[in-house]
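Reader: I am new to this structure and would like to know what the terms used for it rest on. Please take me through them step by step.

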Amino acid sequence: MSESFAARAAALDAADPLADRRKLFTLDDTVYLDGNSLGALPAHVPARVQEVLTREWGELRIRSWDESGWWTAPERIGDRIAPLVGAAAGQIVVGDSTSVNVFKAVVAATRLAPEGRDEILVDATTFPTDGYIAESAARITGHRLVPVAPAEVPGALGPRTAAVLLNHVDYRTGRLHDLPGLTAAVHEAGAIAVWDLCHSAGALPVGLDAHGVDLAVGCTYKYLNGGPGSPAYLYVAERHQAAFDSPLPGWTSHADPFGMTPEYTPADGAVRGRVGTPDILSMLALEASLDVWDGVFIDEVRAKSLALTDFFLECVAGYVPEGRVTSVTPAAHVERGSQVALRCEDAKQVMSALIARGVVGDLRRPDVLRFGFTPLYVGFADVERAARVLGEVLAQR
Ligand SMILES: Cc1ncc(COP(=O)(O)O)c(C=O)c1O
Ligand SMILES: Nc1c(O)cccc1C(=O)C[C@H](N)C(=O)O
């Protein structure tokens, strides 16, 4: 059996149009399946960061805000991310954390919504930060927060709904939610749709413009490989930009920041989503890391992602003793992101044993083994090895 899976892996790797991307990354002989938490390092980034430190900061100092393009980096890098999430230029600004951008987006969504609405719906299964922030945003704006499972959102929408905050892919199960359908339902109810793209951007097509999403946020350190704590982004659809009223109107979002006037006049366009001074070192590391996407189409990334997760599920079924794991990731492609989550007894010890044997996934307590598949650097031989080692670890326990 292992020979037939190994032979198939070799054939799939040989036919993989993205196989050569792997050499753009710094990787060792571990199987790295945690790119849905922290993406791997693109090999050219350290030299670029060194140049920013030595030349741009060390020698040019203050001049770099203009001469090295530091000041305009948030919008410039937003435009690099835009095609990966199906957005035309001029709608994404990079900066702050996802948490902070969730706050901006949810509060701004309530201000864009029709008068008199008093409910915010939030994905009840959300990554916690979104729920915490939505709760605070609701309290500040005088809304009632209603946690709802994404599939139940259409039934929960109504004339009281101001805004809805949803995750495109669930961080725990890897379930892909119906962004086009749910966005349309939110709009039918006259409300504003805010999407968190942390687990989908860089792994699958999002189609923000095509599906009429209002506002979106996401991180850049997972499938976009921007590095630990790299800045997040905020998408404000062009049609909402003139009315976008940020709850954090920092000076860098001002129409004339260096006028330093006491009155706040917001800038036009994506700039309006900025807050304070951009964190240039992280931001420029992210910018460099985005080079790995040059010439890559997100549809081919999606095709490989599905092939990787299909093959993993098949290898797990073949290698893992019956009944030891259960996939909580949907089998249907339309409902699957780019990770596989397996429910498993003693998941903590099992994940430690996997990591000790060079297969790096992560644990989501209490009982979920999570494996993220980053199509730019994970290959089919990695998948076969991960499933085989999982089978060996479980057979020994
Ligand atoms: C769906 C989702 N939203 C938000 C975050 C995190 O936000 P922040 O970048 O502010 O830590 C994560 C992961 O950390 C996430 O998975
Ligand atoms: N952002 C993280 C961090 O700073 C440390 C450890 C993990 C993370 C993560 O991104 C967790 C991730 N969002 C998740 O889906 O679980």
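**Lysine 222 and its surroundings**

Author: Lysine 222 is in contact with Gly35, Asn36, Ser37, Gly39, Cys198 and His199, leaving aside its neighbours within four places in sequence. The model is a predicted one.

Reader: Why is lysine 222 called buried?

Author: The word buried applies under 20% relative accessible area. Lysine 222 has a relative accessible area of 9%, so it is buried. Lysine 222 lies in the loop between β9 (215-218) and β10 (233-236).

Reader: What makes the pair of asparagine 36 and lysine 222 a polar contact?

Author: The backbone oxygen of asparagine 36 lies 3.3 Å from a polar atom of the lysine 222 side chain. The cut-off for a polar contact is a pair of N or O atoms within 3.5 Å, so this pair counts as one.

Reader: What does UniProt list for Lys222?

Author: An unreviewed UniProt entry lists Lys222 under "modified residue: N6-(pyridoxal phosphate)lysine". Such annotations may be inferred rather than shown by experiment.

**The two ligands**

Reader: Which residues surround ligand 1?

Author: The shell consists of Ser97, Thr98, Ser99, Phe127, Thr129, Asp130, Asn167, Asp196, Cys198, His199, Tyr221 and Lys222. Helices α5 (98-112) and α6 (128-141) each supply at least two residues of this shell. By class, the shell around ligand 1 divides into 3 nonpolar, 6 polar and 3 charged residues.

Reader: How do you know that serine 99 and aspartate 196 make polar contacts with ligand 1?

Author: A polar side-chain atom of serine 99 is 2.6 Å from an oxygen atom of ligand 1, and one of aspartate 196 is 2.8 Å from a nitrogen atom of ligand 1. Threonine 98 has a side-chain N or O atom 3.2 Å from an oxygen atom of the ligand. These distances fall within 3.5 Å, so they count as polar contacts. On its own, ligand 1 has 400 Å² of accessible area, and the protein covers 85% of that.

Reader: What residues are around ligand 2, and how do they divide by class?

Author: Around ligand 2 are Ser37, Phe127, Tyr171, His199, Tyr221, Lys222, Arg364 and Arg370. They divide into 3 nonpolar, 2 polar and 3 charged residues.

Reader: What makes the pairing of arginine 364 with ligand 2 a polar contact?

Author: A polar atom in the side chain of arginine 364 lies 2.7 Å from an oxygen atom of ligand 2. That is within 3.5 Å, so it is a polar contact. Histidine 199 places a polar side-chain atom 2.9 Å from an oxygen atom of the ligand, and an N or O atom in the side chain of tyrosine 221 is 3.1 Å from a nitrogen atom of ligand 2. Taken alone, ligand 2 exposes 380 Å², of which the protein buries 59%.

**Two further residues**

Reader: Why is glutamate 75 called buried?

Author: Its relative accessible area is 16%, which is under 20%, so glutamate 75 is buried. Glutamate 75 is part of helix α4 (residues 73-81), and its side chain makes a polar contact of 3.0 Å with that of arginine 274.

Reader: How do you know that phenylalanine 25 is buried?

Author: Phenylalanine 25 has a relative accessible area of 6%; the limit is under 20%, so it is buried. Phenylalanine 25 lies in strand β1 (residues 25-26). Beyond residues up to four places away in sequence, phenylalanine 25 touches Ala40, Leu41, Pro42, Ala43, Asn225, Val292, Leu376 and Tyr377.

Technical notes
Residues numbered from 1 in each chain as written. Chains lettered and ligands numbered in written order. Predicted model: local features only at pLDDT ≥ 70, side-chain atom pairs only at ≥ 80, totals over all residues. Heavy atoms only, no water. Near = heavy atom within 4 Å. Polar contact = N/O pair within 3.5 Å; in protein donor to acceptor, adjacent residues only side chain to side chain. Areas by Shrake-Rupley, 256 points an atom, 1.4 Å probe, with all protein chains shown as cover. Nonpolar A, V, L, I, M, F, W, Y, C, P; charged D, E, K, R; others polar. Helix = DSSP H or I, 4+ residues; strand = E, 2+ residues; numbered from the N terminus. Buried < 20%, exposed > 50% of the residue type's maximum accessible area, 1.4 Å probe, protein only. Contact = heavy atoms within 4.5 Å.
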